[in-house]
Amino acid sequence: MSPGLHGFLFGVYPYICLTVFLLGSLIRFDRDQYTWKSDSSQLLRTGLLRWGSNLFHVGILFLFFGHLVGLLTPHAVYGFFMDAATKQRMAIYAGGIAGIICFIGLSMLIYRRVFDPRIRYTSHKTDLAILLILWTQLVVGLITLPYSWGHADGSVMLILAEWAQRILTLREVDSAALAVLPWPYLFHIVFGMTIFLLFPFSRLVHVWSGFGSVAYIFRPYQVVRSRRLGVARAKSPGAP
């Protein structure tokens, strides 16, 4: 990879993806709220969907929050009770288990959409495309596990965390620091950013609704006033 392309992918492309992810989601919610959903095919067939959807969502949520906490938590926050090597080993074990669970569930969902005629004929092309993109990203993520075990001192994890934290806080990024990483890491990063780029244009936008539903826990109670107040109504003049 040329230095210019490397600098663009890891120094400029992240900000493009982040901007499209946020502004694109906002614009779609404002202009096309009726498309803000994930079409359900449960009425057509429930067998594989029940297992596949549950395994996929359990695995993907664990991986998402694992990446979120692992990459965006500064080393100073956990450094006094856990070193980087211990954190990386925990990430390998937990991420590997969650990745396998997610892989099984996602493979079941893809099989269902490809080989079930009723599901295939009623599916949008983008539905299958986004599943295949997520599957590819997941497979590459699992490929990185042996590489992570090969440098279990946590040094690479610190490099990735520093890069991600600078992106999120809009600071200058040293993209050259990632040049020493093996190809699966680089592919995983670029493909992951591309998923955020495609997010507003796919069914993935329903993820925002999932996070938004947490607000229901803190909403005020609904006040219901019955019309049967037990108060006799005054009769109008001339009424029987």
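Let me start on helix H7, where Asp127, Ile130, Leu131, Leu134, Gln137, Leu138, Val140, Gly141, Thr144 and Ser148 are buried. Buried here means under 20% relative accessible area, exposed means over 50%, and partly exposed is in between, with a 1.4 Å probe and protein chains only. Helices (H or I, at least four residues) and strands (E, at least two) are DSSP runs, numbered from the N terminus.

A word on what we are looking at. This is a predicted model, so local features need pLDDT of at least 70 and side-chain atom pairs count only at pLDDT 80 or more, while totals for chains, interfaces and linings use all residues. Residues are numbered from 1 along each chain as its sequence is written, and side-chain values use heavy atoms, with hydrogens and water left out.

On confidence, pLDDT is the predictor's own score for each residue, from 0 to 100. The chain averages 83, and 85% of the residues score at least 70. Helix H9, residues 183-198, has the highest mean, 93, and helix H10, residues 206-212, the lowest, 75. Where pLDDT is low, the predicted coordinates should not be read in detail.

Now the overall layout. The chain has ten helices and zero strands. Of its 240 residues, 33% are buried. Taking contacts (heavy atoms within 4.5 Å) between residues at least 6 apart in sequence, 81% join residues at least 24 apart.

The expected span is 1.5 Å times one less than the number of residues.

What does Leu134 touch, leaving aside its neighbours within four places in sequence? Leu134 is in contact with Phe56, Leu106, Ile195 and Leu204. Leu134, Phe56, Leu106 and Leu204 are also the residues with the most contacts inside the largest nonpolar core, which has 18 residues. A nonpolar core is a set of buried Ala, Val, Leu, Ile, Met, Phe, Trp, Tyr and Cys residues joined through side-chain atoms within 4.5 Å. Helix H3 (47-72), helix H5 (84-115) and H7 each supply at least two residues of this core, and H5 gives the most, with five. Apart from this core lies another, of 17 residues, including Val156, Leu160, Trp163 and Tyr185. In soluble globular proteins, nonpolar side chains tend to be buried together.

Further along H7 is Thr144, which counts as buried at 8% relative accessibility. Not counting residues up to four places away in sequence, Thr144 touches Pro184 and Tyr185. Both Pro184 and Tyr185 are among the buried residues of H9, as are His188, Gly192 and Ile195. H9 has 16 residues and should span 22 Å; its end C-alpha atoms are 22 Å apart, which agrees.

Last, the cysteines. Is Cys102 buried or exposed? Cys102 is buried, because its relative accessible area is 1%. Cys17 is buried as well, at 2%. With a disulfide taken as a pair of cysteine sulfur atoms within 2.5 Å, the count comes to zero. Leu61, in helix H3, is 41 residues from Cys102 in sequence and 9.1 Å from Cys102 in space, C-alpha to C-alpha. Leu61 itself is partly exposed, because its relative accessible area is 43%.
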